[in-house]
Every structure is written in structure tokens, then in C-alpha cells.
Amino acid sequence: MATKTIRVDYIARVEGEGALELHIKDGRATSAKLAIFEPPRLFEALLRGRGFAEAPDITARICGICPVAYQMSSVHAMEQALGVTVDGQLRALRRLLYCGEWIESHALHVVMLHAPDFLGFQDGIQMAAKHGDAVRGGLALKKAGNELMRVLGGREIHPVNVRVGGFYRVPRRAEFAPITEQLKRARELAVATVRWVAAFPFPNYQRDYEFVSLRHPDEYPINEGRIVSNRGLDITVDEYDSEFEERHVAHSTALQSVLKRRGSYLVGPLARYNLNFDRLPADVQDMARESGLAPVCRNPFQSIIVRALELVYACDEALRIIAAYEPPDAPSVPLEPRAGIGHGCTEAPRGILYHRYEIDDKGAIVTARISAPTSQNQLSIEEDLCEVANQSSDLSDDALRDRCEQTIRNYDPCISCSCHFLKLAVHRE
Amino acid sequence: MTRDGSIARMLVVGIGNPDRGDDGIGPLIVRRLLGLVSPDVAIIERTGDALALIDDWAGRDAVILVDAAVSGATPGSVHRIDLLRDALPPELSLSSTHAFGVAQSVGLAGALGLLPAHVIAFAIEGANFDPGAPISPGVAAAADEAVTRIAAELQRLEGEAASHA
């Protein structure tokens, strides 16, 4: 009986610390465990007793790559609890800030972290010597995202300008002038990135996922919408707990999220694209078709193309919002503390991020719950790893290890967020 | 920018977050260099995205990075590292919580042909990186030594550039 174990003790080019252990018996993968060993950070507990207004800045510290996602999910949840709606230009500015985060995060992942897997390089630095234009383009794209975060959020990482009810300060129109030219150039670079990644060799792999994302009546989803899937899920954000639950697994400090009646699901760019292709502008749809993507794509390795398409979209959307911007009369709407429960769900670069808070009549947080995209994708990643291993039995252990790491990076996992996550070990029996 | 509007040939970057205790020592030191060095030396502060540094140092002849470090040395020790000649000791990884650190940015800039002729790091050993904490007295006391050594380094680099002109 042939058995073997493939192990990756520390998965590189992902945010945070985790490992993978894969058991193979007679050529079939029997288990894949994504071990998240980054210590749990207990944010949900430390939020208890803090004021509702503190949630966006405290939760932003969960992640240096997607702080805006935490800020946005928390402000939406708190505003629901307080019975307040933020709309008009303030709503548009939130979407603009989120575009900055998508650009920054996707540019880093597509070019520096994931592309080397497809081109056979150890890392982005080795790749840069042969693909200098693409890398320079990626860096310039990331810089444009950073700049948008700085102009609107006060600084590139962990922006400080978001508050429940709006912003502390809103920019003047003139402040957007330099970033407008930068975004136009970034858009051209994003289009070049789409063409570059579309020509990569993709493993012939597909799986019948349940895709889950937000869906909005008019927009490609970022900040708002119903939570939908390709298997009939269609709920308001308030109904999240009725359909999803988190489970503890012994090998991970991250909780694993499942659909109560169906198990694993996939969130992130591939889910957003598949469930919202009709919400993309016609030229981005055309770019997708030219890249070889149908309106529904079930090959997770091609998520790199979708991320690049979302880069184009985010640049377009940012330019659209800036062109239509008129400074609002006030940077935020007034708030009065009251007891209540609020739910927020927004599209972080790597998928839906759910927050739920209960606050008391003085506005202090009684309970907090945060379900990060990587927690939600964990089970799907493990299932992918088993399937990929089964289809790659002809590969050497080293090649299989590389393919498994590439599979994990399809998800752009943020382990820091989920820990509540990566080493790869393959056990062959 | 220099007085004639061209890009300054030399750049000093203070890296760190002033709200995280001794992580703020880099920005503190470069602020003290303002006024002490030639106006042809650009001085900027950065909070920690090492990838963005590549763009900052494009077109420069020499770059000096000033950052906090944790190597186990006595707090306040000032380490000088020539990043183009010396491998960054693993125990002296310049503090970054993100996927790319300073050493990787030097590697990437090199691969892209964007590396200045000199990239020197002054790393000041920190002790306390708590949120909201002030800079520790022993670390703050090292600022004088760091400022003097960086000013001398800039003079040396200016002299070297002049002799090659």
C-alpha cells in the first residue's frame, strides 16, 4: 500500500501564517488540512464594552491589506443598529475608498504573489527580471490604489478618516485632480495586466462550487446588496445567521464557515464575477470574453483573470465617482446612541465580510461577531486541494507541493484576518 | 525636489509609525535632519509599505533608510547596513508586518534596474512597540548619534559624487 504525506510548513506569498498537510493513499487524497496556526486574536471579545464609534478603527487593525473592508462592514452594521442611512455623495465616497483597497490588494496579489506560480518563478523578485514591464505596471497600479486610500482615508494603510455616519473630513474636488490622472494611467495598466494574465497556462481543473456574493440591483457589488448564490440562496444581510454557521476544527485557529444545509462555498472575485457578470460594464464584459472567460467560470486558477478584470472595473468606477463628485454639506450624518442589533456585509477583495453587533442604549458594544472571507473559504480550499491532488497524481512531490500552494493562492487568503490560518504536508500511504 | 525643480539625487526616508512607541524613531530622526543637511537632500517619511519605497528612490543616486529594528542588541544601538553589499541579517529584519520588507524591495528594485548606486540603512534597536507609547528614553537618546552619523554619511556620499562628476 503506497502512502505519502506532502507538507508545506509555512505557506509563502499569503498574508499571515499557516500550513498545509495532505494525506495520499494509493494515489487518492484522503484528507487535506489547512492548518492556521497564527494565534487567535480575540477581536470579537475585546470589542465588548467599547463604544459603537470605535468599531471601524478597532476592526480595521485585523488586517493591513483590507482595513477598508473591516471599516465598511462595521459602519454599515452600526448604522443599521442606530437606524441611520448614509447615502448620496457620502455613500459614493465609501465606494471610492473601497475601490482604492481593491486596486491595492488585487494589484499586489495578481502581479507579485500569484503570477509567479503560473510562470514558474520562486517569487515576484525572480519574475521581475524577465517580466519587468508587468511588475512595474503592478507596482504603479498598487501605488494608485495607495494614493486613493491616502487622499480619502488619510493614509495608505489603516486609513483614519472613516466613521460611523460618514467621514471625519471630506475632500475638496481639487484634491482629486492628481489622482485622476494617476487612475487613468492605472486603468491602462490594468488592461495590460488582464492581457498578460489571460495568456498564462491554466491547469485544466473545474469544480461545481456554490458561489456566494453580494448582489445589488444596479451595481457590481462592493458595499451593499443581498447575499445570493448559484444554488438559490437569496437573503438579506440580516438573515446571515439563518443560513451560515461557523465551526471549530482542531487543526486551525480559524473558525470554518459553512452553509448550514449544504456545507462548503466559495466567496471572492470568482463568486462576484459569476453572480454579477451582468452588472459589469459592457467593455469589461468584452475584455472577459476576449480573455477566454465565459460569463460563468468554474476554474479557480482563472480567478487571477477575474481579479485583473476587477482592477479595470475599480479604476473605471473610481474615475466615475470622482467625475461626479460634489462635496456634501456635512462629512457625516448625526447619530444618537440607542439599543439595537446591526448587520453589515461588504465585498472585501477576497470575498464577503460579515459583521454583527449588538449595542446597548448608551452605544456600548454588547456582542460582536466577525466572519472573514478566508474563514468562509477554508473548507472550499481544503476540498480543492484534495481534488487537485487527485487530478495531479502524475506530479512529483515537489511539483504537487507547488500546485497545492498555487491552489491555495487562488483564494488570495488572508490568514491574519481569518484567525481565527498556512505549513503543506502530503502524507502518501 | 531641489531648488531648481529636479529630483534630489539623495534621499533620506524615515520609516515607521509614530503611534507605535519605538517604531517612531525613524520619522523622529529624519525630522531632526531637516535644516541640518543640504537642501539638495530630500527627506521623506513613510509608514511601512516597503514596496512603495521603490518608487520613492527611482532616479536617485543614494538612499538612506532610517528604521527601527529588533535584533536582541541593547535598545538604542545604531546599526549601519549597506543594503547593496551586506546581506540583511535574519535577526535584523527591518520591522514590517506585510508581505514585502525592505530587503525584498531592494531585491525587486535590483531586478527592475531601479536601484540607486547606494542604499544604506540605519536601523535603531527598539524596545517597546506598544500602541500609543512614547519612544523609550534609551532609544530616543540614540537619535543624536544617528543624526550625526547620517549627516556624515550624506557628506561622504556628496563628496564621492563630486569626485566622480
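Author: The discussion below takes up these features in turn. The model is predicted, so local features need pLDDT of at least 70 and side-chain atom pairs count only at pLDDT 80 or more, while totals for chains, interfaces and linings use all residues. Residues are numbered from 1 along each chain as its sequence is written, and chains are lettered from A, with ligands numbered from 1, in the order in which they are written.

Reader: At what angle do helix 7 and helix 11 of chain A pack?

Author: Two packed helices are described by the angle between their axes and the distance between the axes. Axes are lines fitted to C-alpha atoms, for helices over the stretch in contact, and angles run from 0 to 180 degrees between N-to-C directions. Helices are DSSP runs of H or I with at least four residues, and strands are runs of E with at least two, numbered from the N terminus. Helix 7 (residues 177-198) of chain A packs with helix 11 of chain A at about 160°, the axes lying 8 Å apart. The two are therefore roughly antiparallel (angles over 145 degrees; under 35 is roughly parallel, 65 to 115 roughly perpendicular, and the rest oblique). Their crossing is left-handed, meaning that the near helix is turned anticlockwise from the far one by less than a right angle, clockwise being right-handed.

Reader: Which classes of residue make up the contact of helix 7 with helix 11 of chain A?

Author: Residues are in contact if their C-beta atoms, placed from the backbone, lie within 7 Å. Ala, Val, Leu, Ile, Met, Phe, Trp, Tyr, Cys and Pro count as nonpolar, Asp, Glu, Lys and Arg as charged, and the others, Gly among them, as polar. The contact of helix 7 with helix 11 of chain A comprises 17 nonpolar, two polar and three charged residues.

Reader: How far apart are the axes of helix 10 and helix 11 of chain A?

Author: The axes of helix 10 (residues 282-290) and helix 11 (residues 303-323) of chain A are 10 Å apart, at an angle of about 160°. Helix 10 of chain A is thus roughly antiparallel to helix 11 of chain A, and the crossing is right-handed. A:Val284, A:Met287 and A:Ala288 of helix 10 meet A:Leu309, A:Val312 and A:Tyr313 of helix 11. This contact has six nonpolar, no polar and no charged residues.

Reader: How many residues does each chain bring to the contact between chains A and B?

Author: Chain A contributes 18 residues and chain B 15. On the side of chain A, helix 6 supplies the largest share, seven residues. By class, that side has seven nonpolar, four polar and seven charged residues.

Reader: Which residues have the most contacts inside the largest nonpolar core?

Author: A nonpolar core is a set of buried Ala, Val, Leu, Ile, Met, Phe, Trp, Tyr and Cys residues joined through C-beta atoms within 7 Å. A residue is buried if 20 or more other C-beta atoms lie within 10 Å of its own, exposed if 12 or fewer, and partly exposed in between. The largest core has 147 residues, and A:Ile103, B:Val66 and B:Ile124 have the most contacts inside it. Helix 4 (residues 88-119) of chain A gives the most to this core, 14 residues.

Reader: What is the phi value of A:Asp412?

Author: A:Asp412 has a positive phi of about 45°, although it is not a glycine. A:Asp412 is buried, with 30 other C-beta atoms within 10 Å.

Notes: Contact = placed C-beta atoms within 7 Å.
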